[in-house]
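Here is a short note for someone opening this structure for the first time. Please read the points with the model in view.

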Amino acid sequence: MSRPAASADVFVAIADPTRRALLDLLRSGEQPVKELAQPFAMSLPAISQHLQILCEAGLVQMRKAGRQRFYRLNPEPLKQISEWIADYEQFWQEKLDALGNYLEENSCSD
């Protein structure tokens with residue numbers, strides 16, 4: 001049984017701050033790679049590598065128009081992260097509720 005490449009993992013893809021910034025830029029709509037690269041102090045090939053990892057994870061889709069490549073956000077895989085975080089939110093909410101109850105039961109009355 002073969003495992004997908006690590007870069008295909010949504011969690012790995014969003015672990016890098018540059019890739020998260022690229023996702024943020026793509027929230028405003030489809031953009032060409034040159035426009036996406038402008039805010040970063042790195043080469044166009046480096047940005048392309050980040051975009052490739054985002055594509056492999058399914059977070060970004062690319063289309064070619066002539067010699068240009070346009071990228072757009074595909075937020076669907078982010079649901080996996082949202083669901084994972086929701087489990088921990090529930091865990092911590094239960095812990096905080098229990099702490100609140102404990103403090104109420106054991107507080108000194110003046």
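The points below cover the basis of the model, the sheet, a helix and the salt bridges.

1. Basis. This is a predicted model, in which local features need pLDDT of at least 70, side-chain atom pairs count only at pLDDT 80 or more, and totals for chains, interfaces and linings use all residues. Residues are numbered from 1 along each chain as its sequence is written, and side-chain values use heavy atoms, with hydrogens and water left out.

2. The sheet. Three strands make up an open sheet in the order S1-S3-S2, with antiparallel pairing. S1 and S2 are at the edges with a single partner strand each, so one side of each has no neighbour in the sheet. Strands here (E, at least two residues) and helices (H or I, at least four) are DSSP runs, numbered from the N terminus. Two strands count as paired if DSSP finds at least two bridges between them.

3. S1 with S3. Strand S1 covers residues 31–32 and strand S3 covers residues 68–73; the two pair in the antiparallel sense over two bridges. Pro32 has Phe70 in S3 as its bridge partner.

4. S2 with S3. Strand S2 (residues 60–65) is joined to S3 by six bridges, and the two run antiparallel. Ala65 stands opposite Gln68 in S3. S2 and S3 form a hairpin with two residues between them, and Gly66 in the turn has a positive phi of about 65°.

5. Helix H2. How does H2 lie relative to the strands? H2 lies across S1, S2 and S3 and runs at about 90° to S3. For such angles, axes are lines fitted to C-alpha atoms, for helices over the stretch in contact, and the angles run from 0 to 180 degrees between N-to-C directions. Contact means heavy atoms within 4.5 Å.

6. Thr18. This residue is found in helix H2, residues 17–26. Is Thr18 buried or exposed? Thr18 is buried, with a relative accessible area of 14%. The scale is: buried under 20% relative accessible area, exposed over 50%, partly exposed in between (1.4 Å probe, protein chains only). Leaving aside residues up to four places away in sequence, Thr18 touches Phe40, Met42, Ile47 and His50.

7. Arg72. Arg72 has its place in strand S3 and is partly exposed, with a relative accessible area of 36%. Not counting residues up to four places away in sequence, Arg72 touches Leu26, Glu30, Leu59, Val60 and Gln61. From Pro32, Arg72 is 40 residues away in sequence and 9.0 Å away in space, C-alpha to C-alpha.

8. Salt bridges. A salt bridge is a side-chain nitrogen of Lys or Arg within 4 Å of a carboxyl oxygen of Asp or Glu. A search of the whole structure finds three salt bridges. In one of them, the side chains of Arg63 and Glu30 meet at 2.8 Å, N to O. That pair links distant parts of the chain, with Arg63 in strand S2 and Glu30 in the loop between H2 and S1, 33 residues apart. Arg63 is partly exposed at 36% relative accessible area, and Glu30 is partly exposed at 34%.

9. Further pairs. Arg72 also forms a salt bridge with Glu30, the closest N and O atoms being 3.9 Å apart. Here too distant parts of the chain are linked, since Arg72 and Glu30 are 42 residues apart. The side chains of Lys79 and Glu76 meet in a salt bridge at 3.2 Å, N to O. Through shared partners, salt bridges join Glu30, Arg63 and Arg72 into one network.
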